[in-house]
Amino acid sequence: MIINHPLLGPRDSEEFVYLGSADLINRPTNWESEEAAEDFYQYLYIRENIAGDNRELWYHEQGDQSWLVVTRCTLTHEIKSVELAQDVSRAQGRSK
Amino acid sequence: MSQINRIDGGLIDQTKSVSFTFNGQILRGYEGDTLASALLANNKHLVGRSFKYHRPRGIVTAGSEEPNAIMEIGRGAYKEPNTRATITQLYNGLEANSQNHRGPLGFDFMAITDFFSPFLSAGFYYKTFMWPKAFWEKVYEPAIRHSAGLGKLSMLEDPDTYDKGFRYCDILVIGAGATGLSAALTAAESGARVILADEDFVMGGRLNSETNEINGIAGSEWAKQAVTKLAAMDNVTLMADTTIFGAYDHGIYGAIENRADEARADSSKPRQVNWRIYTKRTILCAGATERAIAFGNNDRPGIMMASAVRTYLNRFAVATGQRVSVYTNNDDGWQTAKDLTDKGVKVVAVIDSRSIDPVMSIEGAEIFMSTDVTDTKGRRVIKSIMLSNGKTIPTDTLAVSGGWNPNLHLTCHHRGIPKWNEELVTFLPDSSVPVGMSVAGRAKGTMVLSDAIVEGHNEGNVVAADLGFKTSDSKPATTASVAYNVTAKWGVPSGKNRAWVDYQNDVTAKDIKLANQEGFKSVEHVKRYTTLGMATDQGKTANVLAIGIMADNMDQTIEETGTTIFRPPYNPVAMGAFAGRRRGMEFYPTRYTPTHKWSEEQNAIFVEVGMWYRSQWFPQPGETFWRDSVDREVRQTRESVGICDVTTLGKIDLKGTDVSEFLNRLYVNAFAKVPVGKTRYGLMLREDGIAMDDGTTARLSENHFVMTTTTANAVNVYRHMQFCHQCLWPDLDVHMISVTEQYAQYAVAGPNSRKLLQKIVDPEHDISNEAFPYMGAGEISICDGIPARLFRISFSGELAFEIAVPTRYGDSLIRVLMEAGEEFNAIPYGTEALGAMRIEKGHAAGPELNGQTSAYDLGMGGMVSGKKDFIGYTLGLREGMQRDDRMQMVGFKPVNKSALLDAGHSMAGAHLVNLRDKPDTFTDQGWISSSIYSPIFGHYIGLGYIKGGHSRKGETVRAVDLVRGQDIEVEICSPHFYDPQGECLRV
């Protein structure tokens with residue numbers, strides 16, 4: 001596969017390490033609340049098994065060490081978009 | 001009797017003779033021959049024995065689809081089994097041997113299996129060798145493997161070199177026949193970067209085998225001119241003898257280039273190159289493969305594909321027989337009869353299964369329409385054929401054509417399903433081809449040559465235009481239009497005789513029928529039950545024929561029957577080509593520590609730790625056993641001072657105003673307020689609460705930290721930290737970089753370690769206990785101004801330091817330290833002594849951090865902060881993670897102190913059971929994870945996990961090692977054997 005890195009252009013997927021769903025960005029912040037256990041359980045373990053466009057995290061380990069959010073169709077391997085994970089994280093309201 | 005079947009002409013050089021051997025007999029061929037064509041020129045029809053029944057078999061095809069003529073080529077370590085003679089280019093000194101027979105090829109002792117054939121039908125092995133179960137492994141399987149089979153491996157390491165390469169282009173054209181050349185010409189004229197690949201060592205495809213004229217010249221000559229023209233263009237890369245074996249995602253293609261010629265001349269050159277081709281668009285012009293017809297005894301040597309007979313005749317100037325007959329269900333078969341007659345070879349009969357008028361007149365041949373071949377005779381080579389009209393015809397070659405199948409394999413590598421075409425009686429690629437691929441010519445079902453050329457020509461232009469290149473205004477080549485008509489003919493009723501479908505795996509029409517009768521309806525099930533199409537040729541000549549037979553058996557359409565799935569590789573690929581240069585020591589990079597050279601000078605014994613080479617121990621004169629050295633290294637370090645290279649630990653440099661907060665969220669313990677000049681031990685969890693790694697982090701200045709990780713987890717921890725920063729807290733002011741290889745770091749441990757270091761640390765840096773206490777850290781200089789980092793941390797449990805210098809000083813530093821340490825009897829110690837001391841001290845390491853343990857299990861529950869969020873906090877609080885009956889880490893010592901002293905091994909790996917229990921899975925209480933002989937205590941000690949261990953100290957259990965036959969009583973104790981109060985550390 002070829003991943004079109006937003007900073008470095010098209011790179012072979014061999015240069016990357018795959019982690020999993022981009023939902024891993026959404027780490028709960030309510031560690032002190034009563035729902036924390038349930039929320040962290042949902043965050044870490046519960047995933048949709050998507051037949052179609054899946055947003056997933058890839059790490060450019062043999063490159064610039066960017067974490068990327070890659071939107072890939074699980075049926076065709078077509079890659080629809082590639083974003084820097086830190087941009088996605090910020091857009092989802094995460095900061096410090 | 002040299003080359004008795006050779007005639008004049010052909011595309012070979014009959015002035016250049018080449019000598020080779022077949023089963024030890026010296027034979028001659030010509031430059032340009034394949035091994036198969038040279039064998040046929042020498043009238044060698046019998047070239048092998050079949051897989052299961054040891055039937056005599058001959059050359060069937062002239063291409064990579066060959067099922068029968070597979071041979072062992074070369075000798076010794078160079079021997080390569082299962083090589084297709086039909087694509088092996090002949091060279092001087094080639095040694096070929098037929099395979100799968102005992103005794104001479106002409107009289108195979110195993111041919112007796114042929115008489116047992118009624119018992120060896122589909123599923124025979126499954127049904128027969130069921131009982132007794134134990135016999136399968138010991139008796140049946142070895143016997144079957146011995147009698148059935150392919151060539152034998154040399155069992156020696158492959159001495160050849162293989163390489164990998166990468167190529168990039170705009171348009172990849174696969175196949176350099178008439179269509180592919182036409183497509184490549186227009187694509188190249190547009191200015192696009194073009195790669196043209198063909199599996200044959202001579203480009204031109206079927207043009208080299210046929211008599212068609214193109215643009216008024218011989219087709220082969222037109223092809224040669226086209227190749228010359230392409231070769232002269234800068235934007236074209238020609239790859240002959242290169243098989244595109246797989247279509248992968250996003251325009252990536254796998255290709256194997258054969259460079260055997262070059263490698264034979266220079267053994268340092270690769271024999272094959274595994275190319276990865278990156279292309280924007282691909283035009284598949286892979287042509288078509290002829291299939292057979294299943295009739296009685298259709299596997300005798302001398303029965304060949306009609307197109308192969310033409311290839312041998314026209315390209316290689318070999319007449320495979322003197323009295324040839326042709327059996328066909330389509331117009332193309334007739335061309336074989338015509339070409340033979342034109343070259344003066346006698347054709348005795350043309351048999352056509354169709355009820356039509358003869359396609360052409362063939363001089364001197366009997367013509368039989370609406371007629372089939374029902375049986376043949378001749379053991380080592382065909383002698384006669386029997387027809388459905390009762391006639392018997394003596395013949396020495398039978399050319400068979402059952403129609404043509406497009407080579408659509410690559411169109412299906414992304415799960416494309418080919419669709420049936422009733423008119424052409426074959427499968428065609430449907431629209432679900434891989435993204436970026438288009439198909440032209442016979443591969444697409446365009447069977448008429450003149451149409452295929454136009455299609456290739458146009459496709460080259462269309463694809464180039466799609467990519468934004470200007471289209472070529474050249475005209476497509478012209479040739480006479482020759483019609484292709486075909487009527488389905490799969491099997492002929494063969495009575496008691498067997499009709500072969502898959503030659504290589506010995507599958508007959510009867511086997512398929514039996515499978516169908518036994519309820520195997522799916523083509524995928526029939527394939528696996530009968531092994532149809534599962535040999536090295538992957539059923540290139542057999543599969544469509546088998547599907548036709550299945551459809552007939554089950555009285556359904558071929559569409560309903562369906563096809564099996566095509567997967568890469570298109571042709572077999574040597575494992576060596578996938579490995580490339582990554583063999584032996586080149587399998588992955590080798591990492592040497594900065595003391596490596598010095599350690600070699602000390603005769604150190606090395607151990608591989610991941611990619612690293614580390615010194616395991618340093619034998620001294622007189623030490624004959626590894627423990628002599630290790631025990632001495634431990635004792636001398638604890639008594640005076642020892643030095644160990646710990647460069648392999650991961651080192652991560654962190655800078656930024658938020659680093660302390662960042663670390664606070666990574667480690668279970670508080671890191672927000674580590675003072676400048678201090679180091680702190682930290683434990684990191686995964687988000688699920690399981691221990692991930694431990695290490696120390698020092699604060700060198702307000703906003704500058706340096707972290708160490710374990711050797712094994714260096715990469716994972718860094719990746720995890722990047723994830724936490726970029727994905728979870730992108731605005732924390734944190735910058736990090738791995739500096740594992742930038743710093744050489746040595747542990748200097750033992751009561752004299754400070755005295756030793758004081759000799760090399762520059763005087764302005766006070767490292768006394770008061771100025772540089774336990775867990776101190778700082779940037780200093782040594783040896784008159786060389787920058788260094790000093791950490792007062794201890795893995796051994798002694799007063800100890802770790803000193804780091806830029807890697808380029810690493811070799812000098814070990815020499816300087818050893819010289820300065822002479823007065824203290826300083827010694828180097830290796831990973832064994834390091835391990836022994838950490839077990840004595842009770843530090844968890846790799847065997848304890850096994851991915852199942854929580855902070856509480858490790859006895860570090862007290863370290864875990866409840867006042868902050870950190871990775872693993874919430875899920876680590878789960879009830880199951882904190883239960884008292886979990887496997888908890890404790891120490892173990894034998895009740896009998898002399899236990900195992902004579903055994904030559906430690907307690908490591910032993911499982912723990914209660915005193916009176918029988919050791920089994922149900923009574924299992926835990927295990928010993930690390931164990932060594934402690935030279936300090938004089939007996940074995942161990943760390944390990946036992947259920948509820950923290951509250952069981954003082955209890956006696958048994959450590960049972962069923963593998964090594966040991967069963968000893970051990971006492972559960974604190975893991976901190978040596979200096980449990982940590983007094984040594986603080987002096």
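User: Of the 154 residues in the largest nonpolar core, which touch the most other members?

Analyst: Keep in mind that this is a predicted model. A nonpolar core is built from buried residues such as Ala, Val, Leu and Ile that are joined through C-beta atoms within 7 Å. In the largest one here, the residues that touch the most other members are V173(B), V194(B), A294(B) and V501(B).

User: What does V173(B) touch, leaving out residues up to four places away in sequence?

Analyst: Its list holds G180(B), A183(B), A184(B), A187(B), V194(B), L196(B), I283(B) and C285(B). There's also a second, separate core of 100 residues, which includes V646(B), F705(B), I932(B) and A959(B).

User: Okay, on to helices. How many residues does helix α5 of chain B have?

Analyst: Helix α5(B) has 13 residues, 219–231. The idea is to check a helix against 1.5 Å a residue: α5(B) reaches 18 Å from its first C-alpha to its last, close to the 18 Å expected.

User: And which residues of α5(B) are buried?

Analyst: To call a residue buried, you want 20 or more other C-beta atoms within 10 Å of its own. In α5(B), that goes for G219(B), S220(B), W222(B), A223(B), A226(B), V227(B) and L230(B). These residues cover an arc of only 155 degrees around the axis, so they sit on the same side of α5(B). Turn to the face away from that buried side and you find the exposed residues T228(B) and A231(B).

User: What covers the buried residues of α5(B)?

Analyst: The cover includes α4 (178–189), β9 (194–197), β10 (213–214), β11 (217–218) and β12 (236–239), from chain B.

User: How many of the residues of α21(B) are buried?

Analyst: For α21(B), residues 831–841, the count is 11 of 11, so this helix is mostly covered. Charged residues are on that list too, including E832(B), R838(B), E840(B) and K841(B). The buried residues pack against β32 (605–609), β33 (612–617), α16 (626–639), β34 (642–645), β47 (926–934) and β48 (939–947) of chain B. After α21(B) comes G842(B), with a positive phi near 80 degrees.

User: You mentioned β48(B). Which strands does β48(B) pair with?

Analyst: When you read a sheet, look for the bridges and the sense in which the strands run. β45(B) pairs with β48(B) in the antiparallel sense over 6 bridges, and M889(B) stands opposite Y945(B) there. β47(B) also runs antiparallel to β48(B), joined by 8 bridges, with I928(B) opposite G944(B). β47(B) and β48(B) form a hairpin with 4 residues between them, and G938(B) in the turn has a positive phi of about 80 degrees.

User: Why is β48(B) called largely enclosed?

Analyst: Because 7 of the 9 residues of β48(B) are buried, the rest of the structure largely encloses this strand. Here's a general idea for reading strands: in a regular strand, the side chains alternate between the two faces of the sheet.

User: Is L900(B) buried or exposed?

Analyst: L900(B) counts as buried, because it has 21 C-beta neighbours inside 10 Å. N825(B) has 13 such neighbours, so it counts as partly exposed.

User: Where is the cis peptide bond?

Analyst: Check omega: the bond joining P568(B) and P569(B) is cis, with omega about 0 degrees. P569(B) is in the loop between α13 (558–561) and α14 (575–579) of chain B.

User: Last one: how many residues of chain B are in contact with chain A?

Analyst: In chain B, 19 residues are in contact with 24 residues of chain A. The largest share of chain B's side, 6 residues, comes from α18(B). By class, that side has 8 nonpolar, 4 polar and 7 charged residues. As for chain A itself, it has 2 helices and 6 strands, and 22% of its 96 residues count as buried.

Technical notes
Residues are numbered from 1 along each chain as its sequence is written. Chains are lettered from A and ligands numbered from 1 in the order in which they are written. This is a predicted model: local features need pLDDT of at least 70, side-chain atom pairs count only at pLDDT 80 or more; totals for chains, interfaces and linings use all residues. Two residues are in contact if their C-beta atoms, placed from the backbone, lie within 7 Å. The expected span of a helix is 1.5 Å times one less than its number of residues. A residue is buried if 20 or more other C-beta atoms lie within 10 Å of its own, exposed if 12 or fewer, and partly exposed in between; C-beta atoms are placed from the backbone. The arc is that of the directions from the helix axis to the C-beta atoms. Two strands pair if DSSP finds at least two bridges between them.
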